[in-house]
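User: I'm new to this one. Can you walk me through it and tell me what the terms rest on?

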Amino acid sequence: MAERDKTFVDRIWDFFASVKLAVVLFSLIALTSIVGTVIEQNAPPEKNIIVLKRLLGERLAPEAYRVLDSLGFMDMYHSWWFVTLLVLFAMNLIVCSLERLPRIWRLTTEPIKPLNPDKPPSFPIRKEITLKADPETLREALISALKKTGFRPMNSPMQKGGFQLYAQKGNWSRLGVYITHLSIIIIMVGAVIGIFFGFNGFLNLPEGRSSDVAYSRKDSRPHQLGFTIRCDDFDVEFYGMSDMPKDYRSWLTVFKDGKEVMRKMIEVNEPLRYGGYTFYQASYGMLSTGGGYFIFRVRGPDGKTETVTKIMGESFVIPGTKIKGTIKKFSPALAVTQDGRTYTYTEMMNNPAVYIEFTEKGKPKYSGWILKRYPKTWRLPDGSMVQFIDYWGVQYTGLQVRKDPGVWIVYLGCIVMGIGLYMAFFMSHRKIWLIVSEAKDGSLVRVFATANKNRPAFERKIETMVSNLTEEV
Amino acid sequence: MDSSTLFGIATIGYILAMVSYIVYLAFRNRTVGIIATTVTVVSFIAHTGAFFMRWYEGYVMGLRSLWHPPISNLYESIIFFIWCLILGYLIIEIKYKNRSFGAFVTPIAGLALAFIEMTGMSKEIEPLVPALQSNWLLAHVTMSFISYSLFGLSFATAIMYLIEKTEKKTEPAYIFWSVSLGVLIVLLIAMSLDYLEFHVAATSSENIKNYLFRATFKSPNPTVALLSWIASFAIIATVWATGGYLKKIVSAFNVTPELLDELTYKTVAIGFPIFTLGGLIFGAIWADQAWGVYWSWDPKETWSLITWFVYAFFLHARLMRGWRGKRAAIVSVIGFVAVVFTYLGVNLLLSGLHSYGSLS
Ligand code: HEM
């Protein structure tokens with residue numbers, strides 16, 4: 001069609017079908033994204049004014065901020081123009097692929113045809129060998145050689161005697177590019193679904209407490225979950241005796257209509273999923289209210305063991321004795337100075353310790369700190385043991401709560417992309433023809449072949465095949 | 001012997017190899033070439049040994065499980081990058097029976113090693129914080145570095161291609177490669193000066209961010225800062241003016257520009273799918289598992305995406321007429337600049353959510 005006969009729709013179609021537009025969009029998206037990494041997104045204005053002052057100096061910064069702000073750069077990945085770029089990109093990708101698909105589909109599905117033996121077209125790979133056997137006896141050897149190389153040859157006789165074997169493989173790999181492109185669309189669809197139908201929130205749940213709502217990250221409004229989640233326990237595990245956390249764990253239970261339906265321990269890389277929601281271990285903290293339960297496993301001198309749960313100020317008796325322990329003090333993170341004084345070094349439960357006074361018939365016997373992380377401190381002078389298991393009910397687990405119905409589509413897109421890229425880059429479409437005709441004392445085998453990628457590798461393969469054949473015959 | 005001794009041997013070996021390859025490039029003496037290859041292979045073996053030893057040491061010290069190879073902090077990941085780079089180079093040397101790339105690849109390894117020393121970053125075997133104890137992260141880091149190394153190789157061949165193919169000093173491609181090389185030299189010198197001036201402080205827990213370019217461009221003394229800028233321009237201008245010598249050296253060598261172009265393309269064509277899968281997809285899966293968001297437009301993620309777009313540009317530009325050769329090589333160089341920025345620039349210059357890779 002001549003340029004001026006094109007309709008408006010045709011022109012739009014051509015605009016979106018061009019690879020030039022694609023590289024322009026690649027550049028635009030990449031360049032504008034850079035700005036978004038320099039300017040902190042969704043940050044308080046002061047922060048970015050400081051950044052701009054460093055880059056542009058005192059005088060220009062406020063003006064620059066105003067301009068950038070009005071252009072949406074403070075939340076640029078959600079601005080109308082960035083979203084427009086992404087939409088253009090998606091349309092470009094779809095139209096461009098649709099435009100070329102029919103031709104590629106033909107290349108992919110077209111069966112391979114025999115060549116004209118008198119005028120074979122020029123091929124990048126060609127070889128000629130003469131073998132001392134007539135064509136008919138060679139046929140089986142050639143077919144099995146081709147099969148060994150991974151081809152399933154077709155066979156057609158020729159008018160002037162002799163025959164032709166031809167085969168192709170990897171023709172589907174030509175679709176790899178389109179599968180890759182399709183996967184990008186799938187991922188974008190998944191992301192859009194997530195944006196419109198998803199939920200992003202948090203929930204700080206104290207040990208022992210339950211909740212049937214989570215709070216939105218955007219406006220902190222409660223959001224009904226449709227079930228109840230309870231935190232049974234929270235714990236931090238440390239590396240050896242250091243304060244370097246090794247693992248955060250929460251034990252959660254889910255109730256639906258009053259019935260327990262799920263129980264799971266979650267860790268940082270191991271969330272709980274229920275009813276379309278996912279609960280991630282994100283943070284933790286201490287309640288300022290206090291008032292938790294001390295849990296001890298107490299073993300008397302005769303080996304009898306009991307688990308006791310007490311609150312601050314309460315007492316317990318060591319089994320098989322008359323010794324009574326009273327809980328006097330608690331420190332979430334006990335440390336000792338060089339001259340032996342104790343103090344609390346952080347408000348987090350990094351080194352929980354409890355101070356217990358032991359008495360026998362009202363008379364003080366011994367007293368001291370028992371530390372959860374130091375088993376040595378559990379032993380009492382008379383051979384009994386007070387193991388400090390937990391101070392329960394004073395920590396909360398910080399859960400990130402997500403619902404993203406699009407995430408499975410995104411994952412699907414990722415898998416499709418993996419397949420597409422593999423096909424596009426690591427597979428090639430290979431074609432081969434063997435034209436066998438009678439020669440003076442045997443037969444002439446002419447080999448023609450092409451590959452759309454990694455031709456040298458194919459050529460080497462053919463060479464091996466040919467030299468094996470020469471040896472065999 | 002422990003891993004650091006073994007790695008020290010490898011470091012010295014790589015520096016020797018770099019010198020040998022450059023001497024080989026200059027004089028084309030066969031013996032020197034064989035020495036260069038031998039030294040590289042021996043260092044590579046020592047490096048491999050050091051890698052596995054460090055892995056085992058982390059396990060014995062109870063800091064890491066056997067599932068976690070030593071590629072989890074900045075130091076370890078740079079070491080791993082060098083390992084991949086040298087492996088990739090050796091494969092090319094054997095496959096194409098050509099040593100001359102060595103003079104361009106080993107300096108990248110040398111630079112990375114110098115960077116480690118200059119910044120005085122921590123070399124301790126550190127325990128893994130909970131978020132990093134993930135197999136997805138492991139796959140993500142490993143594959144990212146394999147692709148970075150491939151992009152590094154493509155950068156080396158692209159620069160060689162540009163050096164060989166440009167004629168006039170006023171040609172944009174010539175200006176591009178000479179200025180890029182000049183900037184690289186300036187950055188290296190500036191960082192060395194930082195090191196000389198502040199290394200005592202930087203080896204403490206202080207962050208290198210605070211010292212970057214303090215000895216030069218960001219010096220509290222305005223005269224020093226001004227002189228640094230002037231010196232930088234002088235250095236870049238010198239590279240520009242004397243680039244012809246480099247061209248003579250490179251073209252005296254029997255590497256055809258066609259082979260360089262092919263290698264630039266091939267390394268990207270292998271690196272791109274690995275980067276897509278490992279760098280972007282596995283990274284997103286890890287973020288989804290650990291934080292519940294597969295994409296949050298944080299600077300590190302965004303820079304990976306920028307890098308990805310530059311290489312997508314590279315691949316698609318080849319489909320249009322006129323975008324082979326020089327222009328493609330320029331895109332490949334830009335791509336590697338984006339890689340380096342993704343990995344180091346984001347941590348050094350931009351602050352991000354990613355605590356991973358911070359120099360502490
Ligand atoms: C970031 C997004 C994209 C990715 C990751 C991507 C990926 C790819 C890959 C891997 C190839 C194969 C290249 C090669 O074999 O060297 C390719 C080819 C191609 N791409 Fe894209 N692509 C993207 C976006 C686009 C867009 C927006 C268009 C729209 C014009 C487009 C048009 C094409 C065309 C026409 C081909 C060549 C197909 C052929 O050889 O028959 N791509 N793409």
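**Around the ligand**

Analyst: The ligand is surrounded by 24 residues, and the closest are Leu93(A), Cys96(A), His181(A), Tyr265(B) and His316(B). A residue makes that list if one of its heavy atoms lies within 4 Å of the ligand. Keep in mind that this is a predicted model, where local features need pLDDT of at least 70, side-chain atom pairs count only at pLDDT 80 or more, and totals for chains, interfaces and linings use all residues. Residues are numbered from 1 along each chain as its sequence is written, chains are lettered from A and ligands numbered from 1 in the order in which they are written, and side-chain values use heavy atoms, with hydrogens and water left out.

User: Why is the site called shared between chains?

Analyst: Because residues from chains A and B surround the ligand, the site is shared between them.

User: Which residue classes make up the shell around the ligand?

Analyst: It has 18 nonpolar, 5 polar and 1 charged. Ala, Val, Leu, Ile, Met, Phe, Trp, Tyr, Cys and Pro count as nonpolar, Asp, Glu, Lys and Arg as charged, and the others, Gly among them, as polar.

User: What makes something a nonpolar core?

Analyst: It's a set of buried Ala, Val, Leu, Ile, Met, Phe, Trp, Tyr and Cys residues joined through side-chain atoms within 4.5 Å. Buried means under 20% relative accessible area, exposed over 50%, partly exposed in between (1.4 Å probe, protein chains only). The largest such core has 152 residues, and Ile78(B), Ile82(B) and Phe101(B) have the most contacts inside it.

User: Which residues does Phe101(B) touch?

Analyst: Among them are Tyr89(B), Met160(B) and Leu263(B), leaving out residues up to four places away in sequence. Contact means heavy atoms within 4.5 Å.

User: How much of chain B is buried?

Analyst: Buried residues make up 59% of its 360 residues.
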